[in-house]
Amino acid sequence: MSSFYFVILGTKDNPLYEAEFGTFKQGGDGVSRFREEQRHMNQFIAHASLDIVEEIQWNNQSMYLKVVDKFYGVLVSCFLTAGNIKFLLLHEVKSEDAIRNFFTDVYDLYTKTLMNPFYSVNQTITSPIFDQRVKQVAKKYL
Amino acid sequence: MSSGFHQPDRPRSANHPSFPQPPSSSSSNHHPYLRSSTFRANSSVTSLPNLLTRQSTLSGTLTANYPVDSEHTSTLLQHAFVPHIAVHASDDTNELARDKGFEDFKELLRPYGETVTGKINIRDSQGHGQTYDDFGIRITGMWDLLDDGITTSNNGPSLRPGGGLTATGKIPTGGGNLDDLERLMAYHVDRAEETKGVMINGEDSSGQSMYRLFLRRMLSRMPVSPHETFTHPVACIIAISSRNPHPIEALRKLYDSGNQVPIPLYVSRDYLRYYVLVHDDDRDDFETSSRLFDQMKKHFGLHCHLLRLRSTQTIVSDDGAVVVPQCRWISAAEELQMIKHDDDLTPPKCLYDTDAVALKTLVREMVLQSIIPFMERCVSTWNDQVASKRRGISGKFFSLSRRYLGTSSSSSRSSSSSYDSYTSSYPPHTPEATMRKLADYAFMLRDFKLAHSTYDVLRSDYQSDKAWKYHAASQEMTALTSILLSNAQPLHHQTSSSSKQFKPASLEPLLDVACYSYLSRCRDRFAFTRCILLTVELLRTNANYVDAAAQYACRALDIATITLPPVLTAFVTERVADCYAVRASPVYSSTSLIKSRRRKMAMWKVLAAEKWADMGKRWRVREVLEGVDAVYGSVEWEGLRRFIESLRDGWEGEAGDDGSETVRQGTIRASDVVQTEEKEELGVKKHVRKKSSLGPLELLDFGGSELDLPLAGEGSDSFIQS
């Protein structure tokens with residue numbers, strides 16, 4: 001059962017939003033199955049993959065950078081927004097299209113958050129509605 | 001396949017490499033016939049820009065802005081794979097060495113063999129001379145060949161059993177044993193824990209230098225094995241002393257007994273014989289020795305040497321006494337034994353100044369006048385007579401026809417192949433074994449181009465014979481030589497888009513097969529580890545290949561559970577971080593900007609710290625984490641920081657007993673504090689965990705976060721109960 005770790009990183013490598021969820025496909029219940037030691041590693045893996053993101057973002061036209069990095073069994077997919085905010089998704093199975101759709105929808109949600117006058121760039125996203133919607137998107141595609 | 005075909009420029013010599021023959025026993029015993037040598041020392045004086053200087057200037061320009069011990073890594077292989085010289089000394093010579101306080105004559109000579117003083121000129125297969133000033137040899141005993149030898153059995157080579165005694169009834173001291181390495185490195189780590197990184201006897205206990213030590217120990221006294229000939233003797237020193245009443249007779253006997261030493265069958269006995277007469281300056285008359293030496297010279301030609309030594313033992317306080325240098329290339333087992341017997345009471349071994357100079361001169365003259373010319377001659381002869389047939393168009397036809405014959409019928413297959421699958425080795429005189437020897441000699445003479453092309457040809461031969469270990473070894477060396485060649489190329493060649501440009505990706509198939517063969521087919525953990533770690537070291541010297549280097553190091557870790565013991569695993573993990581540290585800051589090359597890898601470096605440092613923390617090595621944790629704050633200190637990511645704090649907590653808990661340590665921590669603290677309340681909050685949590693007194697604020701925090709989980713647990717429990 002594959003699990004996902006999703007993080008939105010600000011321009012200063014600071015996390016704006018973090019979430020863990022499992023797959024809903026193949027009878028999954030949407031609960032992540034990360035082991036405890038894997039859990040903190042996820043953050044380090046995501047952070048370290050920024051090195052690679054920064055390198056390939058200049059050679060790539062699209063916002064969806066696909067799988068940028070891998071660490072043993074964990075793949076890191078990246079989506080770069082126009083404002084240099086990075087969406088990183090750690091996953092175990094390769095499925096480019098589903099992740100593309102997921103990122104596009106989350107980008108939509110993020111843009112809406114950005115339009116909130118009480119929200120400024122690089123601020124942590126604490127809205128439960130946002131959280132709920134991201135999980136819904138995850139349920140839809142992952 | 002034949003891309004690097006080098007026909008030597010020098011005239012084709014019809015001479016085989018010739019070896020001084022034994023004094024035949026049929027000839028008169030009083031005047032034995034000692035065949036004079038046909039060798040002439042040919043020392044070329046051509047001075048092309050030498051490979052090494054080019055390499056160092058290259059790495060100088062490229063690696064100017066980040067710390068690499070490139071000088072070490074680029075020459076590591078060249079210092080590790082050097083000709084081995086066996087020593088076969090008469091009893092009276094060993095006795096003389098014992099009088100001087102050494103175990104035997106070999107031990108007396110060994111420290112001086114490691115570096116040959118002065119410059120050495122070596123001709124490559126094209127006839128160009130190159131000068132090196134860091135050439136060395138290894139001195140081994142004749143019987144060590146037997147002890148270090150891998151016994152071959154039907155089921156492929158098996159390593160010698162760990163605790164058992166060797167064939168000669170000694171405790172095994174050879175290298176090539178990962179468990180010994182593990183024990184040694186664990187000892188060094190523990191000692192660094194005790195001394196808290198304070199330098200003792202000038203030994204640096206930082207992670208990098210410990211890793212360097214590990215690499216050197218790994219490459220010392222590698223086992224004598226059929227699939228590579230680096231450890232096979234190139235020459236044998238036959239030594240007698242002036243104490244011997246019948247010197248010529250003794251030489252003849254030594255020659256015979258040297259031939260009868262049951263060295264493994266796959267080791268060729270066609271090595272050079274070098275005769276040494278040790279003159280005892282304190283006891284014997286120099287006139288007699290000199291006369292004897294003239295007689296020897298008449299018979300053996302250049303391959304003899306008169307060594308004048310004083311036989312009395314020397315102590316430090318004596319006039320003109322010098323301390324014998326420590327052997328740098330000793331195996332892990334040997335160092336462990338030294339540590340076991342190490343008490344400060346044993347004074348360092350000393351020699352008279354004149355003796356040390358005499359030993360150095362012996363080594364230098366032997367290498368310069370006998371060994372190098374001998375190896376050059378071997379390389380050119382084998383290149384002409386064996387290798388050239390296999391390269392070029394006819395060689396391709398030959399291997400093709402062989403391959404098709406091989407598949408058509410099994411009987412013709414076995415007849416065409418000279419591979420002995422029973423002992424899983426090639427007999428030393430078969431073309432395959434000779435070519436491997438040619439390639440190894442070329443490698444040791446630092447003619448990497450010839451070595452590379454020869455290894456490349458060999459690969460396909462071994463594969464069709466299903467000689468897996470040979471195949472893996474040739475794959476490994478093909479990969480290593482191709483990196484060495486690319487590192488030696490000037491920078492503008494690397495960036496130009498020539499078709500022959502080296503790419504780390506081209507190593508992939510080579511190393512994949514090599515690793516698979518080593519691990520699965522041959523079950524040789526040591527060979528696998530060596531192969532991977534050497535690749536990592538070589539790739540690491542070039543900033544462009546850092547990613548590939550780290551990737552290979554990860555591969556070693558990937559299967560670490562079956563290959564590497566825990567301490568070595570932690571060291572290799574640290575090494576991955578070191579690989580990325582090469583690119584800790586961005587590199588500006590002519591074509592593009594290469595981004596930094598500092599976050600990757602930091603992550604691997606944390607991983608290594610975690611491994612050390614699991615083993616309770618707090619000093620290592622601290623040292624590894626020192627470089628991390630620069631990266632994570634400025635990141636406002638609580639999860640990352642909290643984990644690093646928890647690693648650090650492990651050693652901070654016990655740091656209080658040492659005043660100096662707390663001071664040190666204070667400096668670390670001060671340096672990385674950029675943070676605000678978040679940091680304080682973490683500090684508070686730490687105090688809670690350490691069960692110190694609780695202030696009101698701490699209590700609040702305690703209730704807020706730390707007790708969250710237990711409460712929830714209780715709640716669910718009661719829920720279930722109700």
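1. Which residue in S4(A) does Lys70(A) stand opposite? Lys70(A) stands opposite Leu75(A). The model is a predicted one, in which local features need pLDDT of at least 70 and side-chain atom pairs count only at pLDDT 80 or more, while totals for chains, interfaces and linings use all residues. Residues are numbered from 1 along each chain as its sequence is written, chains are lettered from A and ligands numbered from 1 in the order in which they are written, and side-chain values use heavy atoms, with hydrogens and water left out.

2. Strand S3 (residues 64-71) and strand S4 (residues 74-80) of chain A pair in the antiparallel sense over 6 bridges. Strands (E, at least two residues) and helices (H or I, at least four residues) are DSSP runs, numbered from the N terminus, and two strands pair if DSSP finds at least two bridges between them. Phe71(A) has Val74(A) as its bridge partner in S4(A). The hairpin of S3(A) and S4(A) has 2 residues between the strands, and Tyr72(A) in the turn has a positive phi of about 50°.

3. Contact means heavy atoms within 4.5 Å; axes are lines fitted to C-alpha atoms, for helices over the stretch in contact, and angles run from 0 to 180 degrees between N-to-C directions.

4. Interface of chains A and B. Here 24 residues of chain A are in contact with 25 residues of chain B. The buried area is about 2200 Å², of which carbon and sulfur atoms give 62%; buried area is the accessible area (1.4 Å probe) that two parts lose on being put together, summed over both. There are 6 salt bridges between the two chains, a salt bridge being a side-chain nitrogen of Lys or Arg within 4 Å of a carboxyl oxygen of Asp or Glu. Arg597(B) and Glu55(A) meet in a salt bridge at 2.9 Å, N to O.

5. The elements giving two or more residues to the side that touches chain B are strand S1 (3-9), strand S2 (15-22), helix H1 (36-56) and S3 of chain A. H1(A) gives the most, with 13 residues. By class, this side of chain A divides into 14 nonpolar, 4 polar and 6 charged residues. Ala, Val, Leu, Ile, Met, Phe, Trp, Tyr, Cys and Pro count as nonpolar, Asp, Glu, Lys and Arg as charged, and the others, Gly among them, as polar.

6. Sheet of chain B. An open sheet of 5 strands has parallel pairing and the order S4-S1-S5-S6-S7 (chain B). Its edge strands are strand S4 (138-141) and strand S7 (304-309) of chain B, each pairing on one side only. The twist averages 30° from one strand to the next. Strand S1 (residues 84-89) of chain B pairs with S4(B) in the parallel sense over 4 bridges, and Ala86(B) stands opposite Thr140(B) in S4(B). Helix H4 (residues 105-113) of chain B lies across S1, S4, strand S5 (233-241), S6 and S7 of chain B, at about 165° to S4(B).

7. Salt bridge within chain B. Over all chains the search finds 44 salt bridges. In one of them, the closest N and O atoms of Arg283(B) and Asp99(B) are 3.8 Å apart. Arg283(B) lies in the loop between strand S6 (272-280) and helix H9 (286-300) of chain B and Asp99(B) in helix H3 (residues 91-99) of chain B, so the pair ties together parts 184 residues apart in sequence.
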